[in-house]
Amino acid sequence: DFPLTTRGELESYEGMSVRLLDNAVVTSTGSLGRFGELEVSSGERLVQFTECNAPDPSALDAYNAAQDLRRILVEDGSGGANPATIRLPDGTTYSTTNPLRAGASYSGLRGIMDERFGDYRIQATGVSAVVDNERPTTPPDVGGNLKIAGMTVLNYFTTFNSRGADDQMELDRQTAKIVAAICALDADIIGLVEIENNGIGAGSATQALIDAIAAECGTTYTAVESPATGMDDIKVQLIYDGSVVEESGTAAALDSPADVFNRNRVPSAQTFRIVDTNNPSFGGQIVNHWKSKRGGCVAEDNCGGGAGAGNGTRIAAANAIKDWLATDPTGAGVTNDLIIGDLNAYSQEAPITTLTDAGFVNLVRAFAPDGSFPCGSRPSYVFQGEWGSLGHALASADLAPFVTG
């Protein structure tokens, strides 16, 4: 019966045929391809503490202890690494036509309790019923007259043997997946993160991606030329559909103070004016700001309670961006600001609440259906089986009333 009283009680069931009495919800498929194993939890997927709670060291310890009593590994019994075929708990074979998505649930999951590699796991022999978590086939209809998207392109490099693809075949596979997603989103402005920092002209990763999108779906994007992209191998990059919008400000970048932004990607901002005469918002303006960060943990970061390494650096970046936007960095004279990107902080951590306390609206939470997972939001990331949002869309108080989805 889950949740457990203690994980130690599993020892008494080792080698026995067992059945989980609670619904087993798939909270992680990260090791399914490599080891034929997945992680299930009782009731619902597991949630990162600071997605729903402010950082708190004492509360975090109790929370993590409770989480550990709700999770267990489930294996296909194949053993070894990279099995040729993977048997799912219901006895079917995992494949592109029979996928398994986190959030799916099994009732009456049965198997043999086993202990190996430092943890208990169930070698599955069957289930009573499966409820799939169906993957949407199209993006949701968000309404409005201008669509903006943020997307992590996962080290998209045209320079081989660096952070990205090692050869043309790998790059082709990566490109196909990214381009399919971008074409389906059909956004007018896109903030890209984790793209190679090698310019925007011919031969650059940015232009290679733009060309691939045009070839696939006929949309021709233009890259915003930021005045500074930092010294890291990757950068953030704004691109836009010139048939819908044009740049109406001067592209700006925030690369100071150096002690903050040498540990964060350099943010980029631009203001856009709608030029499509058939668009109901013809002549409107919007500022799109893309931010991504990283950082190691130092004493002044106050990393405890779930805030994580680099917390102080992220807070400093949030404050710097907030103050920077107040200066109208693109010179367009508007205060309709949108911050999108991989902020690497969960929703209740100070880097995010610094901005929401200043009046920015967390759009993911604002437009999530009532009661949605987790705690009235939508997750964008899973780490060690626990869900939350590291990617964000934050609208200024002036812009928020005009957002439709």
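User: How many bridges join S12 to strand S13, and in which sense do the two run?
Analyst: Start with the terms: strands (E, at least two residues) and helices (H or I, at least four) are DSSP runs, numbered from the N terminus. Two strands pair if DSSP finds at least two bridges between them. Here three bridges join S12 to S13 (residues 234–241), and the two strands run antiparallel. Ala223 stands opposite Ile239 in S13. As for the source, this is a predicted model, where local features need pLDDT of at least 70 and side-chain atom pairs count only at pLDDT 80 or more, while totals for chains, interfaces and linings use all residues. Residues are numbered from 1 along each chain as its sequence is written, and side-chain values use heavy atoms, with hydrogens and water left out.

User: Which sheet holds these strands, and what is its order?
Analyst: The order is S10-S11-S13-S12, an open sheet of four strands with mixed pairing. S10 and S12 (221–223) are the edge strands, each pairing on one side only. From one strand to the next, the twist averages 30°; such angles run from 0 to 180 degrees between N-to-C directions, with axes fitted to C-alpha atoms, for helices over the stretch in contact.

User: In which sense do S10 and S11 pair?
Analyst: S10 (residues 148–156) and S11 (residues 189–196) pair in the parallel sense, over six bridges. Tyr156 of this pairing stands opposite Ile195 in S11. Between the two strands the chain passes through helix H4 (residues 168–185), and this β-α-β crossover is right-handed. That word applies if, with the strands pointing away from the viewer, the path from the first strand over the helix to the second runs clockwise. H4 lies across S10, S11 and S12, at about 175° to S10.

User: What does H4 do with helix H5?
Analyst: The axes of H4 and H5 (residues 205–217) come within 9 Å and cross at roughly 65°. Contact means heavy atoms within 4.5 Å. H4 contributes Thr175, Ile178, Val179, Ile182 and Cys183, and H5 contributes Leu209, Ala212, Ile213, Glu216 and Cys217. These residues divide into eight nonpolar, one polar and one charged. In that scheme Ala, Val, Leu, Ile, Met, Phe, Trp, Tyr, Cys and Pro are nonpolar, Asp, Glu, Lys and Arg are charged, and the others, Gly among them, are polar.

User: At what angle do H7 and H8 pack?
Analyst: H7 (residues 311–326) and H8 (residues 350–357) pack at about 20°, with axes 8 Å apart. That makes H7 roughly parallel to H8; the label covers angles under 35 degrees, with over 145 roughly antiparallel, 65 to 115 roughly perpendicular and the rest oblique. Their crossing is right-handed. The contact residues divide into five nonpolar, three polar and two charged.

User: Now the backbone: which peptide bond is cis?
Analyst: Most residues other than glycine have a negative phi, and most peptide bonds are trans. The bond from Phe373 to Pro374 is cis, with omega near -10°. Pro374 sits in the loop between helix H9 (363–366) and strand S20 (381–383).

User: And where is Leu154 found?
Analyst: Leu154 is in strand S10, and its phi is near 55°, a positive value in a residue other than glycine.

Key: A crossing is left-handed if the near helix is turned anticlockwise from the far one by less than a right angle, and right-handed if clockwise.
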